[in-house]
Amino acid sequence: MSTCHHIEDFKHSTFNDMKRRDLAKKYFPEMSDVEAVRSLRRWIEGCPKLMSALEELSMPFKKSRNLSARQVRIIMEYLGDP
């Protein structure tokens with residue numbers, strides 16, 4: 001279960017563009033690619049503040065296979081390190 005809260009002092013060395021599948025596999029390494037992406041999407045959709053933060057970027061999350069470094073940073077700020 002995700003924690004879904006914004007971590008104000010979140011520290012992570014670098015954020016890079018990443019395939020959505022690759023980020024999902026970091027959170028769910030034991031799942032298949034499809035299951036991992038589906039689970040990550042559910043976590044994100046279950047966190048209204050995270051969804052709002054992603055929507056503010058005006059970058060599509062749901063239909064994009066690639067995530068920008070900003071999207072990755074925001075997701076990790078709310079869900080924590082994988």
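The model is predicted.

View 1. The protein chain has four helices and two strands. Along the sequence, these elements run in the order β-α-α-α-β-α. The chain has 82 residues, and buried residues make up 40% of them. Take the contacts with a separation of 6 or more: residues 24 or more positions apart account for 59% of these.

**View 2. Tyr-27 against Trp-43.** Two aromatic pairs occur in the structure. One of them joins Tyr-27 and Trp-43 in an edge-to-face arrangement. The ring centres are 5.8 Å apart, with 70° between the planes. Tyr-27 belongs to helix α1 (residues 20–27), while Trp-43 belongs to helix α2 (residues 33–45), so this pair ties together parts that are 16 residues apart in sequence. Tyr-27 has a relative accessibility of 11%, so Tyr-27 counts as buried. Trp-43 has a relative accessibility of 19%; the cut-off for buried is under 20%, so Trp-43 counts as buried too.

**View 3. Phe-28 against Trp-43.** Trp-43 also pairs with Phe-28. Here the ring centres lie 4.9 Å apart and the planes meet at 65°. An angle over 60 degrees counts as edge-to-face, so this pair is edge-to-face. Phe-28 sits in the loop between α1 and α2, and Trp-43 in helix α2. The two residues are 15 apart, and their pair links distant parts of the chain. Phe-28 and Trp-43 are both buried.

**View 4. The three rings together.** Tyr-27, Phe-28 and Trp-43 form a cluster through ring pairs.

**View 5. The largest nonpolar core.** Nonpolar side chains tend to be buried together in soluble globular proteins. In this model, the largest nonpolar core holds 24 residues. Six of them touch the most other members: Tyr-27, Leu-40, Ile-44, Leu-50, Ile-75 and Leu-79. Helices α1, α2, α3 (48–56) and α4 (69–79) each supply at least two residues of this core. Which helix gives the most to this core? That helix is α4, with six residues.

**View 6. Around Leu-50.** Leaving aside residues up to four places away in sequence, which residues does Leu-50 touch? Leu-50 touches Ile-44, Ile-74, Ile-75, Tyr-78 and Leu-79. Among these, Ile-44, Ile-75 and Leu-79 were named in the previous view, as was Leu-50 itself.

Note on methods. Residues are numbered from 1 along each chain as its sequence is written. This is a predicted model: local features need pLDDT of at least 70, side-chain atom pairs count only at pLDDT 80 or more; totals for chains, interfaces and linings use all residues. Side-chain values use heavy atoms; hydrogens and water are left out. Rings of Phe, Tyr and Trp (its six-membered ring) pair if their centres lie within 6.5 Å; planes under 30 degrees apart count as stacked, over 60 as edge-to-face and the rest as tilted. Buried means under 20% relative accessible area, exposed over 50%, partly exposed in between (1.4 Å probe, protein chains only). Contact means heavy atoms within 4.5 Å. A nonpolar core is a set of buried Ala, Val, Leu, Ile, Met, Phe, Trp, Tyr and Cys residues joined through side-chain atoms within 4.5 Å.
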